[in-house]
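Grab a pencil and let's work through a few exercises on this one. Each has a task and a step-by-step solution.

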Amino acid sequence: MSTLAKLTVVEASNLLQKGEVKAVDLVKDCLVNIKKNKDLNAFITVAEKEALAAAKASDKRRADKKELSNIDGIPYAIKDSFCTKNVLTTAGSKILDDFVPPYDAEVVAKLNKAGAIMLGKTILDQFGHGSSTENCHFGPAKNPYDVQRVPGGSSGGSAVAVAADLCIFAIGEDTGGSIRQPASFTNITGLKVTYGRVSRYGSIAYASSLDTVGPMTKTVADAAIILEHIAGVDAKDATSGKTKVDKYSQEILKANKDITIGLPKEMFAKGVEPEVKEVVLAAVEKLKKEGFNFKDISVPVLEHSLACYYIIAWAEASSNLARYDGIHYGHSSLKQNEKAHTLYEVYAKSRAAGFSTETKRRIMLGTYVLSAGYFDAYYKKALKVRTAIVNGFNKAFENVDVILAPVSPILPFKFGAKSDPLSMYLADILTTPINPAGVPSLALPAGFVKKDNIDLPVGMQIIGSQFSESKIMNLGYFWQSIDETHKIKPKL
Amino acid sequence: MKDGSKLSKKDVEHVAELARLELSEAEISQFTTELSSVLDMADSLNNVDTSKLEETAHVTGLSNVTRKDKKEKQLTNKEALANAPVKDGRFFRVPKVL
């Protein structure tokens, strides 16, 4: 039984700095676990050779007494929606099943520059389109708590890799819950950052005004360390924020019970399974006993945020995916028979063969809501409701410091249980209000519920105002100091 | 928004053409029913009074982000063409357009 892969970033960092562990051993241990748990299908590509070479280089830097960052030598997994130079990058799709990027995404470049070691690329719903990883060309990842159930999505592979100790930490991408919901389904910590807190450069776009890049980790302390490394303004992403990057790993230590936590009734309403609600309210009670103030609040517009989110996401997805044309890169009908097709046919045939049904559905919906005659009724209307959501959160944060709610209204569900598209979309009802407002939200393990004699994880999210990552992680860190749920591991 | 079923088969074919997607007959019929029912969910927006609201496309208040107009590291011709399905020397090859 391997033990090193179980380490947190904080633990691995300490052991590396004390010289008690070598990066090569950390990487080897993760690789052993990856192979042993191949059936969980967490990875699309494992960059074994590259990772071992990078680990040797890290150990050499340390032996040479170079000044190193606190994550030098620590192996991580990354969602396969981030470009990695010379390493296959598929976005979980057939249309990019042979795409090898000539450059690194900014988040990859930053982590690699700090000496962290990229282990491989993880399973996702293609282009982020899904909440279960069932929409992946390379098969779904399995929930390590019950392999009959989904790990959540779209960053499901990264969640499984962290939960099953196949890596020390992982990177995901959250457009409408894609970091938080799989974190909740697999009992790990996941941070959806403020829009623009982390550069999106080289992150394969789903919906550009909603997409965010963030850490998926074993603890809040780890998320704080990783965010310090990846946050900040980037000239290559004009939407990245100039707000100062806090020393998050220090800020979280300053315990502050003098805050008011809001409980929006719309996020505990019908549609939230009673067992999920029970677990989250038990966590609320535990925090109350510690002296935190709670306040019941109402943000009525949240009830309509699912529709607002999806219309904007479909519209932006249809626009972003227009780049897959069968000409510049990716699956192409030209490869089969160059002479047989007109330019229009190259587009239409390459895209038809390269995209999954769910991705086609979103392209169709997005094209429809942007088309003449429907633009005002759907797209423009959604942008106005988006303003109402922004105003709703702003008003809420005049009265409370942070908001607490369940992450997912339902427990991890079985494969195939949400085959009708609308029921899958409804699974996102508590995570999608956050992205249109651009605010950050931290998903945390809250407890477990027994179902069919199996313990299934339940997560809660702490939502803050824009750029208040320190504040929400401060509360999250405190929670993990009084609660042990995050230390529970799947039996593998 | 229109009442009843939102998309006809003809609508679906038109949208597919705009989206440059060659759909099979089975997909067209699947999407004709499915997309209408999904769009019903979008009607929930009609419950929000937006008469006094402007549209929001960007949320963190940035505008006109610029940088110096100078050449930075860029892809070589070889790198740019490395993933091309069909190429011709230094160029992407495409079917005749005109």
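## Exercise 1: a strand and its neighbours

Strand S3 (residues 117–122) of chain A is mostly covered, with six of its six residues buried. Here, buried means 20 or more other C-beta atoms within 10 Å of the residue's own, exposed means 12 or fewer, partly exposed lies in between, and C-beta atoms are placed from the backbone. Helices (H or I, at least four residues) and strands (E, at least two) are DSSP runs numbered from the N terminus.

Before you start: this is a predicted model, where local features need pLDDT of at least 70 and side-chain atom pairs count only at pLDDT 80 or more, while totals for chains, interfaces and linings use all residues. Residues are numbered from 1 along each chain as its sequence is written, and chains are lettered from A and ligands numbered from 1 in the order in which they are written.

**Solution.** 
1. Recall that strands of a sheet pair through backbone hydrogen bonds, either parallel or antiparallel. Two strands count as paired if DSSP finds at least two bridges between them.
2. Val46(A) has Gly120(A) as its bridge partner.
3. Pro75(A) stands opposite Ile117(A), and Tyr76(A) stands opposite Met118(A).

## Exercise 2: the chain contact

**Task.** How many residues does each chain bring to the contact, and which element of chain A gives the most?

**Solution.** 
1. Count residues in contact (C-beta atoms, placed from the backbone, within 7 Å): 59 come from chain A and 43 from chain B.
2. H14(A) gives the most to chain A's side, with twelve residues. Helix H14 (375–399) is one of the elements giving two or more residues there.

How values were computed: Contact = placed C-beta atoms within 7 Å.
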